[in-house]
Amino acid sequence: MWKAVLLLALTVVSVFAWLRDRENPVYPGVQINSKSTGEICSAGIPVYPTSGGSLGFITASHCTDPSGPGNNVYQPNFSWGGDNNWAGFSIDRGTDNPYYEPDRSKPDAAVWVVANRGVSGKVPLRYCGLVDHPLTGVVDDPKDDFEVPSIFKIGRATYCTGTWSKVRLRYDPRYSGSVYAVPISSLRADHTDSGGIVFTITPCGTTICGIQAVGIIIGGIPQGGNWHYVLIQNARYAMDYYGVDLYTGP
């Protein structure tokens with residue numbers, strides 16, 4: 001009964017638009033814009049450098065400018081009239097297209113280092129009809145098919161989607177980094193959800209035992225649109241690649 005109520009809630013939260021507004025502090029799923037060409041995406045997994053430093057998020061590499069001068073990130077969008085929406089910068093050593101990337105170690109992942117506002121490490125489960133909750137861990141990266149007890153994502157295009165049913169993530173070695181595919185029937189997503197957080201919830205009766213980061217949305221199959229599968233860049237791989245840890249703060 002509890003799951004049935006939650007599934008009903010998932011069908012009504014799309015009326016809210018706050019993921020597309022200016023936010024402070026920022027949190028997983030909010031709209032971001034890095035490239036002045038108009039690439040709109042979503043914030044992903046909250047992280048901090050293992051050596052200490054500023055908080056930020058793992059997001060998709062194809063959503064950001066290359067590292068170096070001009071690699072600003074805006075939230076919610078690039079402002080032609082000034083930098084009122086400036087929200088930090090990107091560290092991007094990833095790839096914009098993991099299917100054609102010759103360096104197979106590069107993930108479609110970058111780090112948005114947040115500035116000019118705060119960071120919340122809580123997953124905004126209110127978009128799923130639940131109470132916001134911090135992440136409690138990160139799933140493994142077995143480089144093989146594996147199963148999670150549930151799967152959800154939050155992104156600026158389709159908000160919270162997912163299923164309470166068990167889902168098998170299929171490892172796809174055609175992509176660089178570490179990419180897994182999930183049927184869109186289990187995890188609906190669209191283009192500007194790119195970079196958005198994917199997670200699994202372990203329920204304990206009417207409460208939550210834990211929430212683990214699975215990865216970030218990077219696209220779908222077929223590549224041209226009308227996706228049958230959603231592609232996820234594995235969280236553990238992306239975090240290890242950039243040397244960052246999970247942030248679970250307020």
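Tutor: His133 is found in strand β9, where strands (E, at least two residues) and helices (H or I, at least four) are DSSP runs numbered from the N terminus. This is a predicted model, in which local features need pLDDT of at least 70 and side-chain atom pairs count only at pLDDT 80 or more, while totals for chains, interfaces and linings use all residues. Residues are numbered from 1 along each chain as its sequence is written, and side-chain values use heavy atoms, with hydrogens and water left out.

Student: Which residues does His133 touch, beyond those up to four places away in sequence?

Tutor: With contact taken as heavy atoms within 4.5 Å, His133 touches Lys122, Val123, Leu125, Ile208 and Ile211. His133 and Thr248 are 115 residues apart in sequence, yet their C-alpha atoms are 9.0 Å apart in space.

Student: Why is Leu135 called buried?

Tutor: Buried means under 20% relative accessible area, exposed means over 50%, and partly exposed lies in between (1.4 Å probe, protein chains only). Leu135 has a relative accessibility of 2%, which is under the 20% limit, and therefore counts as buried. Leu135 lies in the loop between β9 (133–134) and β10, and its C-alpha atom is separated by 9.2 Å from that of Gly249, 114 residues apart along the chain. Leaving aside neighbours within four places in sequence, the residues in contact with Leu135 include Ile45, Val123, Phe199, Ile211 and Thr248.

Student: What makes a set of residues a nonpolar core, and which residues have the most contacts inside the largest one?

Tutor: A nonpolar core is a set of buried Ala, Val, Leu, Ile, Met, Phe, Trp, Tyr and Cys residues joined through side-chain atoms within 4.5 Å. The largest has 52 residues, and those with the most contacts inside it are Ile45, Ile58, Trp112, Leu135 and Phe199. Strand β7 (residues 110–114) gives the most to this core, with five residues. Apart from it lies another core, of 16 residues, among them Val148, Tyr180, Trp227 and Ile232.

Student: How do you know that Val30 is buried?

Tutor: The relative accessible area of Val30 is 0%, which is under the limit for buried, so the word applies. Val30 is found in the loop between α1 (2–10) and β1 (31–33), and is in contact with Leu19, Glu23, Cys41, Ser42, Ala43 and Gln75 once neighbours within four places in sequence are set aside.

Student: Why does Lys143 count as partly exposed, while Tyr159 counts as buried?

Tutor: Tyr159, at 5%, is under the limit for buried, so that is its class. Lys143 lies in the loop between β10 (137–138) and β11 (146–148), whereas Tyr159 is placed in strand β13 (residues 159–163). Neither is a glycine, yet phi of Lys143 is near 55° and phi of Tyr159 is about 60°.

Student: How far can the predicted coordinates be trusted over residues 1–15?

Tutor: pLDDT, the predictor's confidence in each residue from 0 to 100, stays under 50 over residues 1–15. Where pLDDT is low, the predicted coordinates should not be read in detail. For the protein, the mean pLDDT is 90, and 91% of the residues reach 70 or more.
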